[in-house]
Amino acid sequence: MLNKIKRPLFVAGGGCLILLILYFAFKPSQGILGGKDFSQIVYDRNKNVLRITLSEDEKYRVYTHLNSAGPLIKESVLLKEDRYFYYHPGVNPVAIFRAFVQTYIQEGKKIGGSTITMQVARLLHGINSKTIWGKIEQIFCAFYLELYFSKNDILEAYLNIAPCGGNIEGFAAASLIYFEKELYGITLQEALFLSVLPQNPSSFLPGSQTVQKNLVEARERLFKQWRDKHPEARQDAIHIEMPLNLQYSLPFHAPHYTTALLEKYENERKIYGTLDLKLQNTITRLTERYIQRQKTLGVKNAAVLLVDSDNMQILASLGSADFFGDDIQGQVDGTRSRRSPGSTLKPFIYALAMEQGLIHPMTMLKDAPTSFSEYSPDNYERDFKGPVKAWEALVTSRNVPAVHLASLIREPDLYDFLKETGAGDLKDKAHYGLSIVLGSAEFNMQELAALYGILAGNGIYRNLTDSFEPEKQPWISPKRLLSEEVCYLVKNILRQNPRPSEMYTPAIKDTRKPVAYKTGTSIGFKDCWSIGIFDHYILAVWLGNFDGYGNPVFNGRYLATPLLFEIIDSIWPEIGADGRDDELAFLPHTIRRINICAVSGQIAHPYCTRQVSTLYIPGKSPISKCEICREIYVNTKTGYRTFKREGRHIQKQVYEFWPTDLLALFQKAGIPRKTPPPFDPGENLDLVSTSGIRPEIVSPLKDTDYMLQPGDEAFNGLPLKATADADVQELYWFVDEKYIGKASPLETQFWSLRPGTFRIGVVDDHGRSDSRAVRIGITP
């Protein structure tokens with residue numbers, strides 16, 4: 001009796017073990033959709049779709065969870081396809097029998113009788129269910145799915161892979177493409193439309209009147225079923241009779257920006273960017289129109305970047321004027337391609353000079369022909385203004401003063417400063433020398449915007465942000481590179497840069513909002529820039545050619561700046577209405593105003609007759625007294641200058657003592673300058689030599705080796721030249737203390753080269769001197 005009981009139990013246990021082994025042996029190694037690839041979607045900051053990509057099998061297939069799909073589409077699909085979905089084991093025998101009788105016995109219209117599970121099995125495994133053997137395979141696959149997956153898993157799979165016309169699969173993709181909506185946001189009529197699509201997706205292609213009629217008829221039949229199930233939905237009948245607003249829109253906004261995000265986050269199905277689609281469309285439209293107006297000048301391409309300086313998020317990014325324009329290499333991203341920045345780096349030269357106590361906004365700088373070792377910069381207009389205030393030199397983008405300041409700043413100099421930010425792919429410092437000031441190192445628009453973010457952020461450097469996803473690229477932590485006071489002064493200077501008056505269309509309303517901006521033009525007129533800071537935004541504009549072909553109209557001030565202001569004035573109503581006070585309207589408590597000499601820009605003496613005020617950083621800005629305006633004593637009888645302070649004919653007079661190189665510029669420009677009278681020949685020379693400014697050698701150059709050309713006398717004369725004080729008439733030149741000749745400060749003395757190391761000296765007619773060493777070699 002016991003053996004009779006044990007045997008069935010043993011058999012049953014063995015059978016269960018075999019079933020258990022078979023269950024785990026055939027259990028899928030991944031989820032129900034594990035073998036499917038899905039599209040990536042890029043959203044803007046307001047959840048507008050910027051771009052949908054194709055999956056690996058060339059489908060628009062957007063993954064969506066069942067819980068996030070919304071109740072309307074779920075209920076519509078169940079009503080249309082399988083109202084007993086949650087009650088059958090994957091196959092509805094009643095529906096199968098009915099379909100068999102109508103199709104093969106009555107030979108009527110073919111119907112499938114497939115459940116949602118059976119449809120998922122067909123779509124996943126590519127089963128041809130129109131044949132009997134195919135239908136049998138579909139049934140067994142449906143049982144398999146029901147065995148290993150939950151009902152919700154199967155329904156979710158159907159929502160994601162149901163055919164919806166063309167190469168669109170899944171209701172989430174169809175909702176975005178047909179209605180430009182997320183699936184959870186569709187209306188009842190749209191849900192009913194989507195649920196009837198998989199019945200015959202190839203016939204539902206937008207555009208045809210017949211198709212529209214078929215859509216409406218299918219939708220109305222389904223709505224009748226919906227209404228029977230929901231008697232309270234009478235009000236929806238009004239909406240269901242309305243024409244369906246059917247689109248076929250594949251969003252492709254900001255292609256350069258979205259391409260970069262897709263490359264950075266290649267494994268993310270949904271990417272949320274910082275871009276604002278409304279601002280992007282506005283900037284794109286304005287830029288296209290501007291280029292069209294300038295087309296006759298050969299202007300074909302542009303790039304624009306808008307950044308929120310509060311958080312350094314990219315709000316708009318236009319990589320080129322036409323993404324599909326092969327003639328302009330339109331798929332190159334102008335916001336990421338490195339180009340010569342022209343003069344756009346000059347504000348940081350002046351900022352570093354202020355930081356190191358070399359200048360304040362009214363410091364007088366020299367704009368005169370000058371050589372810096374082997375580098376001799378020229379101005380854009382090929383002219384020189386002579387003495388120019390620091391703020392004016394920056395606003396008018398004078399090259400010589402900027403290079404002069406760059407030669408003075410140390411630890412950090414401009415190269416060190418740029419290196420600290422990680423901007424550009426910089427070579428060794430010696431590769432650029434001082435030419436880095438004028439754009440010899442290349443940077444892209446995003447790097448330049450980040451640099452201007454230092455000024456906008458009151459001295460703090462921060463990386464640009466293009467998405468709300470975790471950052472996957474090298475990230476530099478925020479760091480202070482400039483003081484708040486210096487940033488205030490530089491922005492205040494850049495605001496004095498004049499607007500283009502009538503250079504842009506009068507159709508754009510001039511808001512007259514304060515804008516601190518700087519322009520740049522590369523050598524050879526290959527690139528022109530204009531970068532502005534306004535409110536809490538940074539806007540960068542570039543025009544040029546990606547192939548590097550130059551055009552004389554590519555001038556930052558006259559071509560890029562009008563577009564900059566068109567964009568600012570157009571988008572201001574959208575972004576500038578937050579009621580924020582102008583930050584520069586309130587002077588920081590750490591900045592003072594002091595009186596300076598209007599002529600020299602230095603601290604004024606009582607006898608500086610023209611005085612103005614300037615902004616000044618106590619403990620940092622320079623405090624040297626004025627050296628141009630000097631009080632001297634003149635013997636009115638002889639006309640000579642004297643050290644005597646008392647006497648019948650002795651009078652105090654104030655003269656401007658300009659260096660001789662600036663006096664030459666004044667003379668060339670026809671600007672009269674009253675020079676001080678010479679000293680009485682009987683004056684004590686020792687007293688004369690202790691007053692005034694000593695001469696300064698400008699040639700030969702400092703720290704420069706000269707090479708002798710054997711047999712070529714034309715190139716073997718070393719020019720000797722120096723600047724001197726205004727009262728100097730003669731300069732005396734010496735080589736190793738041997739006198740070689742004299743010349744006026746405006747003349748050049750020449751000395752025949754010979755190999756060796758020598759000390760060149762100069763003494764003015766008042767006994768003041770300067771000297772420097774020079775090394776001369778022989779060209780091999």
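Let's start with burial: a residue is buried when its relative accessible area is under 20%, exposed when it is over 50%, and partly exposed in between, using a 1.4 Å probe and protein chains only. Helices (H or I, at least four residues) and strands (E, at least two) are DSSP runs, numbered from the N terminus. What you're looking at is a predicted model, where local features need pLDDT of at least 70, side-chain atom pairs count only at pLDDT 80 or more, and totals for chains, interfaces and linings use all residues. Residues are numbered from 1 along each chain as its sequence is written, and side-chain values use heavy atoms, with hydrogens and water left out.

Now to helix H11, spanning residues 255–264. Eight of its 10 residues are buried, so this helix is mostly covered. The buried ones are Pro-255, His-256, Tyr-257, Thr-258, Ala-260, Leu-261, Leu-262 and Lys-264. What lies over them? Taking contact as heavy atoms within 4.5 Å, the cover includes strands E1 (41–43), E2 (49–52), E5 (270–272) and E7 (313–318).

Helix H19 (residues 484–494) is another mostly covered one, with nine of its 11 residues buried. Among them are Glu-485, Tyr-488 and Lys-491. Here the cover includes helices H13 (346–355), H14 (390–395) and H18 (445–456), along with strands E12 (516–521) and E16 (611–616). Cys-487, also on the buried list for H19, has a relative accessible area of 0%. Cys-141 counts as buried too, at 17% relative accessibility. As for disulfides (a pair of cysteine sulfur atoms within 2.5 Å), a search of the whole structure turns up zero.

On to charges. Side chains of opposite charge can pair when their charged atoms come close. The rule for a salt bridge is a side-chain nitrogen of Lys or Arg within 4 Å of a carboxyl oxygen of Asp or Glu, and by that rule the count comes to 22. One of them joins Lys-151 to Glu-146, with the closest N and O atoms 2.8 Å apart. Lys-151 is buried at a relative accessible area of 16%, and Glu-146 is buried at 17%.

Arg-336 forms a salt bridge with Asp-466, and there the closest N and O atoms are 3.6 Å apart. This pair links distant parts of the chain, 130 residues apart: Arg-336 sits in the loop between E7 and H13, while Asp-466 sits in the loop between strands E10 (460–461) and E11 (479–480). Arg-336 is partly exposed at 31%, whereas Asp-466 counts as buried at 6% relative accessibility.

Asp-569 and Arg-499 meet in a salt bridge as well, at 3.4 Å from N to O. Asp-569 belongs to helix H20 (residues 556–575) and Arg-499 to the loop between H19 and E12, so the link spans distant parts of the chain, 70 residues apart. Asp-569 is buried at 5% relative accessibility, and Arg-499 is buried at 16%. Salt bridges that share partners also join Lys-264, Asp-333, Arg-336 and Asp-466 into one network.

Finally, a sheet. Two strands pair if DSSP finds at least two bridges between them. Three strands form an open sheet in the order E20-E22-E25, with antiparallel pairing. Strands E20 (696–699) and E25 (749–752) stand at the edges with a single partner strand each, so one side of each has no neighbour in the sheet. Strand E22 (residues 717–723) is joined to E25 by four bridges, and the bridge partner of Leu-718 in E25 is Trp-751.
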